[in-house]
Amino acid sequence: VEHDPFVRHNYTEGLMRAGYRVSSTASGEETLVYLRLIIPDLMLIGSPPPGISRYELTHRIRADRTYESVLLIMIMARGDRCADTSSLDVGIDDVIVEPVDMTELLLRVRAMQRLQRAQRDIQRMQQRMLLLLRLNQELGASLELDGLLSRLLTTLADTVGAIRASLILTDGVDQERPACYSSSRNSSTCG
């Protein structure tokens, strides 16, 4: 987000040369419209755009849980300590002081992306732990194999958003009569 077309072009070109896909906006209003279409990994918020202030823009982005994983880097004028601390208070993840050195910007973007990957890994691990906890609760409720496998498959299908989850078990000897289990039907033989 940068209202100065020359500066916006420089940031865009520098990031694109480094291999990033870049979209740019000239105002806070334009940014909010853009965010309805695309959720970026990271946003640079440059010099104050016309209309919505960058603090108001940051506040609106942070108020919507849809954008909670978007990393925000604000570019500040040198010596603007008050703005620096205020921006961190409203939810900015990092601050870069003008004039912006493209090498420093790219280093910070990469550092923020490492942080973002770590956060996403933690979220995935939390989801797995919740699934394991739920499966443990389900499995602990029954020791009967047919009911146990059916509940396990139903929980698995619900977790991944599938219509049905199925399992076919063979004993290696009687492969003509495998045991079939499904989240939507509880059959001990395949038809």
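Modeller: A quick definition before we count anything: helices are DSSP runs of H or I with at least four residues, strands are runs of E with at least two, and both are numbered from the N terminus. Also keep in mind that this is a predicted model.
Biologist: Good to know. How many helices and strands does the protein have?
Modeller: There are 6 helices and 5 strands in the protein.
Biologist: And in what order do the elements run from the N terminus?
Modeller: The order is α-α-β-α-β-α-β-α-α-β-β.
Biologist: Let's look at helix packing. At what angle do α2 and α3 pack?
Modeller: Helix α2 (residues 28-35) and helix α3 (residues 54-63) pack at about 15°, and their axes are 10 Å apart.
Biologist: Is that roughly parallel or roughly antiparallel?
Modeller: Angles under 35 degrees count as roughly parallel, so α2 and α3 are roughly parallel to each other. Their crossing is right-handed.
Biologist: Which residues meet there?
Modeller: From α2 you have G28, T31, L32 and L35, and they meet L57, R60 and I61 of α3. By type, the residues of this contact split into 4 nonpolar, 2 polar and 1 charged.
Biologist: Switching topic: where is L149?
Modeller: L149 sits in helix α6, which covers residues 145-160.
Biologist: Buried or exposed?
Modeller: Buried means under 20% relative accessible area; L149 has 11%, so L149 is buried.
Biologist: What does L149 touch, leaving out residues up to four places away in sequence?
Modeller: L149 touches L167, L169 and Y181. Take Y181: L149 and Y181 are 32 residues apart in sequence, yet 6.6 Å apart in space from C-alpha to C-alpha.
Biologist: What share of the contacts in the whole protein join residues at least 24 apart?
Modeller: Counting contacts between residues at least 6 apart in sequence, 44% join residues at least 24 apart.
Biologist: And how much of the protein is buried?
Modeller: Buried residues are 34% of the 191 residues. The accessible surface is about 12000 Å², and 54% of that belongs to carbon and sulfur atoms.
Biologist: One last thing: what kind of peptide bond joins E98 and P99?
Modeller: A cis one, with omega at about -5°. For background, most peptide bonds are trans.
Biologist: Where should I look for P99?
Modeller: Look in the loop between β3 (94-97) and α5 (102-140).
Biologist: Great, thanks!

Technical notes
Residues numbered from 1 in each chain as written. Predicted model: local features only at pLDDT ≥ 70, side-chain atom pairs only at ≥ 80, totals over all residues. Heavy atoms only, no water. Axes fitted to C-alpha atoms, helices over the stretch in contact; angles between N-to-C directions. Parallel < 35°, antiparallel > 145°, perpendicular 65-115°, else oblique. Left-handed = near helix turned anticlockwise from the far one by under 90°. Contact = heavy atoms within 4.5 Å. Nonpolar A, V, L, I, M, F, W, Y, C, P; charged D, E, K, R; others polar. Buried < 20%, exposed > 50% of the residue type's maximum accessible area, 1.4 Å probe, protein only. Areas by Shrake-Rupley, 256 points an atom, 1.4 Å probe, with all protein chains shown as cover.
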